[in-house]
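Biologist: Could you take me through this structure? I have not seen it before.

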Amino acid sequence: MTDRVYIFDTTLRDGEQSPGCSMNFTEKIRMARQLERLQVDVIEAGFPIASEGDFESVKEIAKQIRTVTIAGLSRANKGDIDRAWESLKHAAKPRIHTFIATSDIHLKYKLKKSREEVLDAAVKAVRLAKSYCDDVEFSCEDASRSDIDYLCQIVEAVIAEGATVVNIPDTVGYAIPNDYGKIMRSLVERVPNINKVILSAHCHDDLGMAVANSLAAVMNGARQIECTVNGIGERAGNASLEEIAMSIRTRTEALNVHTNINTEEIYKSSKLLVSLTGMHIQRNKAIVGDNAFAHEAGIHQDGMLKNSITYEIMTPQSVGIKHSTLVLGKHSGRHALKQRYAELGYNLSNEELERAYLVFTKVADEKKQIFDDDLVAILQDELSNLEETYKLETFQVTSGLNLVPTATVGLKKGNEFFQDSATGDGPVDAAYRAIERITGIGVELLDYSIKSVAWGRDAIGEVFVKIAIDGYVFNGRSASTDVITGSVKAYLNAINHAVSARFRKERDSSVRQEAQAV
Ligand code: KIV
Ligand code: ZN
């Protein structure tokens, strides 16, 4: 049986206090409820002395969230601890979290206190907190830059006062895994009463090592990790909860520990936090980024279609994501394209797949990523059986400030090539006029609309036009990353519909006449 590592979530305290991550009262309650579903062991709900808002939200979370320990932060002084208790006393499982810095740098420049004074403040703080509540956590701020002998001394003293958890923060993200692990090991080996507490890691990500440091701490005796959803927190952030939970779940055999996190709630928690704070995560963020379960390289996609364990070390479902995605881009092959079309409900014949693939590779060259809507647009455009009487061969537009928009269009009809130019109100209007001059067909433009079928600057623009010719209405559509090309093609598409309808009508009526003559 592996040991349990307790997950102390500080999204609502260390996370929320960082720039761009603030949440109001209601938002904090919503996030706390989600953290409860995620089954974290401790929610640090805020820093009650910091503001009235923090106080009220810690109090409300303490009242509402009954299955999880609720912690409130306080500096090592009476005012802070009293205020923390005032907000926590309604909790089913309250914890007072009190801290003071222990590094000489902080003592000298920030606190202007001697080591003895700090030791005394720490002991008194734990004693007072303990008079209110059984569960007391003590943190040695800037522990990773503290003198190890002094750290051992202060840790022993607060344990003697009844601290139940001792936290060893790498406050400034300075540690590297080997050193941080060594600090934990020294405390385990040198502090005589260490077995009376849970040793805790709290790492910041200034050097991008918060998760690695937290895991090194666990490998050296820590059994609580403090972390935040999406790794939000001061400066570069805190250790990310999802990365820790999934590292432990995926590499249990190497770490020999487990957590109680309901990992299937991870994605929802991440999304909720983004929507509450507006603090977006990068696409390639481990576990919860948009690309975390997305594969684009043809070789990878092929492997994934054969067996997902070829390129995935955990299932997307295990973190609450429905499925992996094979992102279609210029590196994708026919296999992935066919599969995606099948998922979208289109079972293409080999010949259709070939045609779609040809267009797909052209679009993929222009556009970095192809979305489902793009694929449908490709099908509708390229595999429709409309006979194209007029084919767009060339066109050029000039347009700009204080210039007359002019277009030159070249169309092919059978083997003949026609070219003409026109001016208009804008480049599209000019191109439409040039087409009218070539075809000789009087067209009334009834409607024109353009929308982006996916997102991103290089998204495909889908153009719809509605035209009337001799009182009959025809629609045309086209999709292109170049909206003017799309506009010209949509217009021609509508004209081709009209020509083909006229041809069908003529053919049908001549067949009827022949039949009548017989
Ligand atoms: O980073 C830190 O040292 C902290 C403590 C207050 C726990 O957040
Ligand atoms: Zn911190």
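This is a predicted model: local features need pLDDT of at least 70, side-chain atom pairs count only at pLDDT 80 or more; totals for chains, interfaces and linings use all residues.

Biologist: Into which domains is the protein chain divided?

Modeller: The division gives domain 1 (3-277), domain 2 (294-382) and domain 3 (391-506).

Biologist: What distance separates the centres of domain 1 and domain 3?

Modeller: Taken over C-alpha atoms, the centres of domain 1 and domain 3 are separated by 63 Å.

Biologist: Let us turn to the metal. Which residues coordinate the zinc ion (ligand 2)?

Modeller: Asp-14 (OD), His-202 (NE2) and His-204 (NE2) coordinate the zinc ion (ligand 2), at 2.0 to 2.1 Å. The spacing of these donor residues in sequence is D-x187-H-x1-H. Asp-14 in helix 1 (residues 11-15) and His-202 in strand 8 (residues 198-203) are 188 residues apart, and this pair links distant parts of the chain.

Biologist: Are Asp-14 and His-202 buried or exposed?

Modeller: Both Asp-14 and His-202 are buried.

Biologist: A change of topic: where does Ala-245 lie?

Modeller: Ala-245 is part of helix 10, which covers residues 241-250.

Biologist: Why does Ala-245 count as buried?

Modeller: Ala-245 counts as buried because its relative accessibility is 2%, and buried means under 20%.

Biologist: Which residues does Ala-245 touch, not counting those up to four places away in sequence?

Modeller: With those set aside, Ala-245 touches Ile-261 and Ile-266.

Biologist: And what is the separation between Ala-245 and Glu-366?

Modeller: Their C-alpha atoms are separated by 39 Å, and Ala-245 and Glu-366 are 121 residues apart along the chain.

Notes:
Residues are numbered from 1 along each chain as its sequence is written. Chains are lettered from A and ligands numbered from 1 in the order in which they are written. Side-chain values use heavy atoms; hydrogens and water are left out. Helices (H or I, at least four residues) and strands (E, at least two) are DSSP runs, numbered from the N terminus. Buried means under 20% relative accessible area, exposed over 50%, partly exposed in between (1.4 Å probe, protein chains only). Contact means heavy atoms within 4.5 Å. Domain bounds come from an automatic or database domain assignment. Donors are N, O and S atoms within 2.8 Å of the metal (3.2 Å for Na, K and Ca); water is not among the atoms, so sites may look incomplete.
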